[in-house]
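Me: I am new to this structure and would like to go through it step by step. Could you help me read it?

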Amino acid sequence: MKKVLTFAVFALAFMLSAADTKVAVFNLEQVFKEYYKTPIYEAFINDQRLEYQKYLNSLSAEAAKMEDEFKVLRDSSQNIALDVVERENKRQAAERKSREIQAKRNEMETYGADKAREFQDLTRKRRDDIMADITAMVAKRAAVEGYQLVLDVSGRGANTDMPSVVYFSPSLDITQSLIDELNRGNQLPAQAAKPPKPAKPETPPAEKPAEATP
């Protein structure tokens, strides 16, 4: 009972202290998604990933070709139609090819691991850049509008699927205004985004009737 009373007193004190606190909320997930830099960064990372995959495919094709060559050499080394010296040469060549294949596989594995770290670092850096822009804009709006507290309503509780902010008045939501401010000057006007209408063909002037010759 004592704990319940203590919590009630604490909650009442918090509400009283927050009575004059100006609060705003925004949806960080939506702002992040609709920020004009986000698709630019995503396109850049996807282009880099395509280049990585292209090179990895070339390494894989080289390894597959080497494996075919190894099989030919291995089969030749076991071909009794060849003399002993020839079979031994094929056997040694097959061993060399096997080592080359292993080296190529190691190269692919190292390249894949390096690129995975590179993409992880690149994605984190791009995300940090965007978050820095959003945080700066939120701080600017808070200073201009006099907000003492700005909450993100897109999060979820640690041990539940309940939103971190269960309820808020729509009048407190500054999500769209943040998006508009972040994208100011970096969006095409609605009319410019539409393809221009094809020009109407000019109507040729009507020919004058020929004058009668006297």
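Me: Where is Tyr55 found?
Reply: In this predicted model, Tyr55 is found in helix 3, which covers residues 37–77.

Me: Which residues is Tyr55 in contact with, leaving aside its neighbours within four places in sequence?
Reply: With those neighbours set aside, Tyr55 is in contact with Glu107 and Tyr111.

Me: And what separates the C-alpha atoms of Tyr55 and Met108?
Reply: The two C-alpha atoms are separated by 9.6 Å, while the residues are 53 apart along the chain.

Me: Now another residue. Where does one find Lys97?
Reply: Lys97 belongs to helix 4, which runs over residues 84–145.

Me: Does Lys97 count as buried or exposed, and why?
Reply: Lys97 counts as buried because its relative accessibility is 15%, and the cut-off for buried is under 20%.

Me: What joins the side chains of Lys97 and Glu69?
Reply: A polar contact of 2.8 Å joins these two side chains.

Me: Which residues are in contact with Lys97, apart from its neighbours within four places in sequence?
Reply: Apart from those neighbours, Lys97 is in contact with Met66, Glu69, Phe70 and Leu73.

Me: Let us turn to helix 5. Which of its residues are buried?
Reply: In helix 5, residues 175–182, the buried residues are Thr175, Leu178, Ile179 and Leu182.

Me: Where do they sit around the axis of helix 5?
Reply: They are on the same side of helix 5, because they cover an arc of only 100 degrees around the axis. As a general point, an α-helix has 3.6 residues a turn, so residues three or four places apart point the same way.

Me: What do the buried residues of helix 5 pack against?
Reply: They pack against strand 1 (23–26), helix 2 (28–34) and helix 4.

Me: Stepping back, how many helices and strands does the protein chain have?
Reply: The protein chain has six helices and two strands, and along the sequence they follow the pattern α-β-α-α-α-β-α-α.

Me: How many of the 214 residues count as buried, as a percentage?
Reply: Of the 214 residues in the protein chain, 21% count as buried. The chain exposes about 16600 Å², and carbon and sulfur atoms supply 57% of that area.

Me: What about contacts between residues at least 6 apart in sequence?
Reply: Among those contacts in the protein chain, 80% join residues at least 24 apart.

Key. Residues are numbered from 1 along each chain as its sequence is written. This is a predicted model: local features need pLDDT of at least 70, side-chain atom pairs count only at pLDDT 80 or more; totals for chains, interfaces and linings use all residues. Side-chain values use heavy atoms; hydrogens and water are left out. Helices (H or I, at least four residues) and strands (E, at least two) are DSSP runs, numbered from the N terminus. Buried means under 20% relative accessible area, exposed over 50%, partly exposed in between (1.4 Å probe, protein chains only). A polar contact is a pair of N or O atoms within 3.5 Å; within protein, one must be able to donate a hydrogen and the other to accept it, and residues adjacent in sequence count only if both atoms are side-chain atoms. Contact means heavy atoms within 4.5 Å. The arc is that of the directions from the helix axis to the C-beta atoms. Accessible areas come from the Shrake-Rupley method with a 1.4 Å probe; for residues, only the protein chains shown count as cover.
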